[in-house]
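Here's a quick briefing on a protein chain and its charged side chains. Have a look at the sequence and structure first, then we'll go through the salt bridges.

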Amino acid sequence: EHVKQLTEKIERERAQLLEEQERTLTSKLQEQARLLKERCQGESTQLQNEIQKLQKTLEKKTKRYMSHKLKI
């Protein structure tokens, strides 16, 4: 009887440990997904800023070119 109780106790502890490990894994995977999403959003924002800067530069150059062409 004592061996049976110890075996059941070990099985319960094992099951609890597995559940805890599964919760930890799920939590870590969610955190990883969040970080990847934030990183991609950050890179997208940075790229968008670069695009806007290039567009402004192009607009300025186009205006200069057009005003220079009109003077000729």
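Is arginine 39 buried or exposed? Arginine 39 is exposed, at a relative accessible area of 56%. Bear in mind that this is a predicted model.

**Overall layout**
- An unreviewed UniProt entry puts the feature "domain: Guanylate-binding protein/Atlastin C-terminal" at residues 1-55.
- That span is 98% helix and 0% strand, and its end C-alpha atoms sit 80 Å apart.
- Helix α1 covers residues 2-71.

**Salt bridges**
- The count comes to 4 salt bridges.
- One of them pairs arginine 14 with glutamate 11, at 3.8 Å from N to O.
- Glutamate 31 and arginine 34 make another, with an N to O distance of 2.6 Å.
- Glu31 and Arg34 also belong to a salt-bridge network that takes in Glu38.
- Arginine 39 bridges to glutamate 43, with 3.4 Å between the closest N and O atoms.

**Spacing along the helix**
- Glutamate 11 and arginine 14 both sit in helix α1, 3 residues or about one turn apart.
- Glutamate 31 and arginine 34 are 3 residues apart in helix α1, so about one helical turn separates them.
- For arginine 39 and glutamate 43, also in helix α1, the gap is 4 residues, again about one turn.

**Exposure of the partners**
- Glutamate 11 is partly exposed, at 42% relative accessibility.
- Glutamate 43 is partly exposed at 41%, whereas arginine 39 counts as exposed.

Definitions and conventions. Residues are numbered from 1 along each chain as its sequence is written. This is a predicted model: local features need pLDDT of at least 70, side-chain atom pairs count only at pLDDT 80 or more; totals for chains, interfaces and linings use all residues. Side-chain values use heavy atoms; hydrogens and water are left out. UniProt positions are given in the numbering used here, feature names are shortened, and annotations may be inferred rather than shown by experiment. Helices (H or I, at least four residues) and strands (E, at least two) are DSSP runs, numbered from the N terminus. A salt bridge is a side-chain nitrogen of Lys or Arg within 4 Å of a carboxyl oxygen of Asp or Glu. Buried means under 20% relative accessible area, exposed over 50%, partly exposed in between (1.4 Å probe, protein chains only).
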